[in-house]
Amino acid sequence: MNELHLICNAHLDPAWLWEIEEGAGEALSTFRIAADFCEKYDGFVFNHNEVILYRWIEEYDPELFERIRMLVRCGKWHIMGGWYLQPDCNMPSGESFVRQIVTGRRYFMEKFGVRPTTAINFDPFGHTRGLVQIMAKSGYDSYIVCRPGDNDCKLPGDEVVWVGHDGSEIIVHRAYKAYLSGKGKAHIKVMDWMSDHIGRETGMVLWGIGNHGGGPSRIDLEQLQELKNRTKSYRIVHSTPEAYFKRLRETGTELPKHESDLNPWAVGCYTSQIRIKQKHRQLENELYLTEKMAAHTALAGLAAYPYEPITEALEDLMLAQFHDILPGSSIQPVEEYGLRLMDHGREILARLRARSFFALTSGQKKAKEGEVPIFIYNPHPFKVKGVFECEFQLQQSTKNQFAYPVLTANGREIPCQVEKELSNLYIDWRKRAVFYAELEPGTMNRFDCTVELLAEKPAPSLKERDGAIVFESERLRAVINTATGLMDELSVDGVSCLQPGAFRPIVIADNDDAWGSAVQSFPNRIGEFKLMSKSKGTKVSGVKGYPIASVRVIEDGAVRTVIEALFQYGDSTLVTTYKLPKHGAEFQVDVVVYWHEQRKLLKLAIPTAWSDAKYVGQVAYGVDELPNNGREVVAQKWTAAVSESANYAFTCINDGIYGSDMSDGEIRLTLLRSPGYAALPGGKKKHTMPNDRFSPRIDQGERRFSFWFQAGQAEERKNAVDRDALVHNEKPYTLTYFPSGKGERPLPAAELSDGVVQLTAFKRAEQSEDFIIRLFEPTGQPRETELHIPVLGLSRRVSLGAFEIKTIRLHMADRKLTEDTLTESI
């Protein structure tokens with residue numbers, strides 16, 4: 001007989017509430033009602049999923065928690081999903097999704113002895129394709145989602161076989177009319193499903209009262225029981241997701257395949273509350289960097305691995321990834337809570353990094369008289385070449401002279417220049433050294449600084465000529481138009497890569513909707529930031545006594561040239577800083593914007609030289625080809641325009657944005673929106689925002705952005721960009737320090753023999769003193785690499801398929817490297 005499975009759930013969104021007590025109170029009330037009904041109604045099963053809610057129950061009502069444990073054991077209460085919580089499913093890194101699952105798996109196994117095989121994310125606003133491999137390798141065979149709907153993401157049926165970047169597969173069910181049902185209306189939703197699916201062998205309907213609370217109700221249970229009794233065409237059962245998918249497989253139904261992401265919906269959430277997104281990226285990067293440093297310190301026998309504080313910071317990160325915090329769709333107190341939460345995690349990690357850093361300088365020789373040692377710890381298992389910066393204090397200030405840093409590495413002088421330090425003291429005491437160097441992999445790198453006394457700081461040698469500042473190096477030619485402040489030419493190795501007018505800050509018409517729920521793109525350009533006049537630029541710069549140009553060279557030396565340009569639009573101002581290297585072809589663009597606009601969106605427009613270029617970008621443990629038709633898209637640390645006809649690519653690495661679009665070869669990076677807080681249009685409201693008072697808006701004031709750009713042969717950039725992006729996000733740790741000279745220098749932590757494979761995690765295992773190493777192939781080409789652990793004298797040859805994630809366990813008892821599951825066999 002045909003079966004219809006009813007899944008009762010309570011969708012609780014505690015992160016909408018900025019007081020834990022309120023969120024806990026909501027969970028306590030809902031779970032108590034659900035437990036009462038499980039005990040009263042024969043056959044009724046309640047389903048719920050998130051670790052954070054069960055922890056609240058365990059803390060505030062232990063008796064209720066024990067009731068739930070008993071109900072789980074007798075099959076009346078079902079643990080769904082088993083993640084830490086329902087995160088945003090586009091913006092967290094692939095490794096962050098792994099941690100959400102591993103943390104949830106461990107908790108539910110320890111507390112309830114269960115391991116769900118159906119993952120659920122009812123409320124997130126879209127789903128990255130990278131989830132498929134992560135879920136499949138975590139023991140999930142099925143996945144339930146609600147968004148996006150069919151209007152935004154057309155699927156060939158309620159269920160599809162979702163195919164991951166690596167070829168992994170999982171069955172996805174998109175829920176019928178979402179996860180909720182109004183009080184007394186669950187039976188209507190069930191009847192609607194039967195009317196819409198006549199003849200179908202089996203189906204699933206989610207029900208529970210309302211959004212952000214509710215669950216089962218007496219009236220719904222009684223009406224559903226009446227419906228069960230009178231329905232002849234279906235056997236209606238209170239069920240679980242696992243039971244439904246088991247029945248679906250038994251029917252032998254052949255499901256169509258879907259080989260893309262599940263997007264878009266709420267494209268404004270790729271940008272809203274940009275500080276939350278930037279802080280999230282910072283905490284993510286600092287967590288995985290600190291783990292690598294702490295692992296090295298522990299393996300070298302210098303300090304115990306700080307598992308508990310790292311876990312505390314991880315839980316801050318996972319909570320911040322909640323699908324109404326990270327997307328920026330919350331009220332203002334939640335934004336403030338999210339920033340405070342992530343700063344708490346960052347402070348924990350900052351102290352742990354410093355502890356590891358000082359330990360890892362063991363065996364470094366004492367500094368000579370007049371010498372300032374600069375140390376850089378490279379956490380990556382490959383050499384890193386680039387521009388590094390370090391501020392330090394001179395032993396004493398200089399009088400009537402200017403102290404110019406001279407840097408050496410292993411006794412050889414390296415390119416170095418001094419740039420404006422962060423302080424503004426009247427004495428020459430604080431220095432910012434900027435230098436070009438190559439770091440050895442997985443180890444501490446030392447540079448020794450002395451100073452040369454000059455009469456004054458050297459003035460920039462590059463000057464404006466004929467309305468332009470023309471920068472040329474061995475590989476790079478860039479032309480900055482001093483009448484517009486924009487880049488009119490970029491050539492790399494003689495190949496022209498950009499059209500004139502690049503890095504133009506453009507203003508787009510937007511609305512009050514924090515989600516951007518009714519649009520898929522932001523096409524209506526209404527203006528742009530224009531270069532300030534000399535008088536305006538002088539005033540904004542705070543310069544007294546004489547006017548200065550609004551486009552000017554502010555630093556110039558052996559390492560790079562730095563050019564600053566000042567712009568204005570409406571009530572807002574913007575500063576663009578171009579950092580052009582004397583070595584290599586990667587250049588940096590920093591943007592500082594003082595934003596005071598409403599219902600407007602800011603993008604940085606970069607017209608490439610190739611109108612036929614396709615658009616690609618990094619996603620969670622994968623790379624997507626993104627729409628290049630102007631639709632707003634979501635990606636992580638990098639995107640790229642790739643021209644097959646020119647066999648060239650232009651890559652854009654960021655430090656904390658996620659939204660962008662491309663059309664006709666022009667990349668437009670989305671920086672800011674200015675909707676209302678938790679503002680959602682609809683219903684009978686004439687205005688989304690109140691029309692009788694002042695309303696605060698998202699992202700007003702000062703915001704900062706950094707980007708790194710590089711062009712080159714398409715295959716070369718494809719192979720390099722993922723590692724480049726990892727380096728700019730998990731930055732090598734730099735500090736001046738005078739070592740004691742005691743101890744022995746530890747050998748490097750990890751090295752990889754190839755030039756592509758990434759080491760995305762190196763941490764202590766969850767349930768033992770072993771260590772876990774995660775490797776990832778980021779280009780879609782099968783590869784082999786040799787993993788070396790020099791600090792222990794171990795090596796292992798590792799083969800990876802296209803886009804494969806591979807987990808290696810370092811057994812401490814017998815010093816062996818073996819393959820493990822993604823979830824560490826939990």
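Predicted model: local features only at pLDDT ≥ 70, side-chain atom pairs only at ≥ 80, totals over all residues.
In strand 15 (residues 416-419), Cys-416 and Val-418 point one way while Gln-417 and Glu-419 point the other way, and all are buried, where buried denotes under 20% relative accessible area, exposed over 50% and partly exposed the range in between, with a 1.4 Å probe and protein chains only. In a regular strand, side chains alternate between the two faces of the sheet. Strands here are DSSP runs of E with at least two residues, and helices are runs of H or I with at least four, both numbered from the N terminus. Strand 15 is joined by 4 bridges to strand 16 (residues 428-439), and the two run antiparallel, with Val-418 standing opposite Ala-433 in strand 16; strands are taken as paired if DSSP finds at least two bridges between them.

Residues are numbered from 1 along each chain as its sequence is written, and side-chain values rest on heavy atoms, with hydrogens and water left out.

Strand 4 and strand 5 (residues 142-145) run parallel and are joined by 4 bridges, and Ile-120 stands opposite Ile-144 in strand 5.

Aromatic rings of Phe, Tyr and Trp (its six-membered ring) were paired if their centres lie within 6.5 Å, with planes under 30 degrees apart counted as stacked, over 60 as edge-to-face and the rest as tilted; by this rule there are 35 aromatic pairs. The rings of Phe-31 and Phe-46 have centres 6.2 Å apart and planes at 75 degrees, so this pair is edge-to-face. Because Phe-31 lies in helix 1 (residues 20-40) and Phe-46 in strand 2 (residues 46-48), the pair ties together parts that are 15 residues apart in sequence.

With residues up to four places away in sequence not counted, Tyr-54 touches residues including Phe-31, His-48, Asn-49 and Trp-77, contact meaning heavy atoms within 4.5 Å. Asn-49 itself lies in the loop between strand 2 and helix 2 and, at 4% relative accessibility, counts as buried.

In helix 10 (residues 307-320), the 14 residues should span 20 Å at 1.5 Å a residue, and the end C-alpha atoms are 20 Å apart, which agrees; the expected span is 1.5 Å times one less than the number of residues. Tyr-307 and Ile-310 are among the buried residues of helix 10, and these buried residues pack against helix 2 (51-60), helix 4 (94-112), helix 9 (274-299), helix 11 (332-360) and strand 40 (758-764).
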